[in-house]
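Subject: Structure handover

Hello,

My notes on what turned up follow below it.

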Amino acid sequence: MTEIVYKKKANGMQMLLCILLGYGLAVAAIVYGAQNSGVLSAVLLVAGLLWSVAGLVLLAGFKILEPQQALVLTLFGRYVGTLRQPGFYHVNPFCVTVNPAAATKLSQSGDVSGDKSELIHSLQAMGRGTGVSAPSKKISLKVMTLNNNRQKINDCLGNPVEIAIAVMWRVTDTARAVFHVDNYKEYLSLQCDSSLRNIVRLYPYDVAPNVDTTGDGVADEGSLRGSSEVVAQRIKEEIQAKVADAGLEIIEARITYLAYAPEIAAVMLQRQQASAIIDARKMIVDGAVGMVEMALERLSENSVVTLDEERKAAMVSNLLVVLCGNHDAQPIVNSGSLY
């Protein structure tokens, strides 16, 4: 089913004036008919009473739309169109507005709350003796942000990670959103969960050897931590493919939280610390070896001192201890012979 935009102009004010004028004439007719006798008086009295009842029915046809809102209208079970333009409308009073997700509240921005400006809802609330109106049937066309709860998912290496995403979305086809799925908000939330699981399972948390994340059969360096933009784009495309039939557009998806699950977080932290220590030590040793080589070359070039192999080995050992040690070296001055 494709959306049909209701082409009717915002004629609410004209209809309101007509109804008020009709009530004025009805009151005059009732008063005249009650005070006089005859066929004409009886006809006017009956017409005034009938208009009083008909006017109440016509009041149900008033609809108020704000910018970036829409109303899906059905008449006796048949979809007749969608109001999209802001304004004060009067439609067939027997038209029913449909929005199965009206009362659904998710962890997201932009949910449309109860609309107290709609006349029929106000009349219903007054009739019940309460100040609370029914949930609005309006559909928001604004860009909304869905913040799904954190999920615990195993990455491609089997490590449990916790991840959460924020999805920016909006309704583009109100007819599909209302009639193609039971509740488009819940449908979107479930599709976000399943798509997130499908994509996260393809990536390791950190770069790992011999892992193919693109499906081309070649190992790459993709990871959840290092390739967050790529992962978010794949999640967006996965969600869009699933919700397109529901008339929804996914504008953007972003990873808002990413961490190892608590049961392995401490172990993984120790692993990362060990890896960092090894990398630092490797850098220190490489620098120390380079400095020793440079010192020996400079001594040989300038003929400052001639060292045999044993003395060179001792010098290399001493320099490496000084350069690679964790504490400052305590110098010892040799006041005797070198040999």
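Leu-188 touches Leu-146, Trp-169, Ile-239, Val-243, Leu-248 and Ile-250, leaving aside neighbours within four places in sequence. Contact here means heavy atoms within 4.5 Å.

This is a predicted model: local features need pLDDT of at least 70, side-chain atom pairs count only at pLDDT 80 or more, and totals for chains, interfaces and linings use all residues. Residues are numbered from 1 along each chain as its sequence is written, and side-chain values use heavy atoms, with hydrogens and water left out.

**Cores**

Leu-188 belongs to the largest nonpolar core, which has 37 residues. Trp-169, Tyr-184, Leu-188 and Ile-239 have the most contacts inside that core. A nonpolar core is a set of buried Ala, Val, Leu, Ile, Met, Phe, Trp, Tyr and Cys residues joined through side-chain atoms within 4.5 Å. Buried means under 20% relative accessible area, exposed over 50%, partly exposed in between (1.4 Å probe, protein chains only). Among the elements that each supply at least two residues are strand E9, helix H5 (184–200) and helix H6 (228–243). Helices (H or I, at least four residues) and strands (E, at least two) are DSSP runs, numbered from the N terminus. A second, separate core has nine residues, including Leu-75, Val-80, Val-91 and Cys-95.

**Aromatic pairs**

There are five aromatic pairs. Rings of Phe, Tyr and Trp (its six-membered ring) pair if their centres lie within 6.5 Å; planes under 30 degrees apart count as stacked, over 60 as edge-to-face and the rest as tilted. Tyr-79 and Phe-179 have ring centres 5.4 Å apart and planes at 65 degrees, so they are edge-to-face. Tyr-79 is in strand E3 (residues 78–83) and Phe-179 in helix H4, so the pair ties together parts 100 residues apart in sequence. Tyr-79 is buried at 10% relative accessibility; Phe-179 is partly exposed at 33%.

Trp-169 and Tyr-184 also pair edge-to-face, 6.3 Å centre to centre with 65 degrees between the planes. Trp-169 is buried at 0% relative accessible area. Tyr-184 is buried at 3%.

**Hairpin**

Strands E8 and E9 form a hairpin with five residues between them. Gly-158 in the turn has a positive phi of about 90 degrees. The two strands run antiparallel, joined by four bridges. Strands pair if DSSP finds at least two bridges between them. Gln-151 has Ile-163 in E9 as its bridge partner.

Best regards
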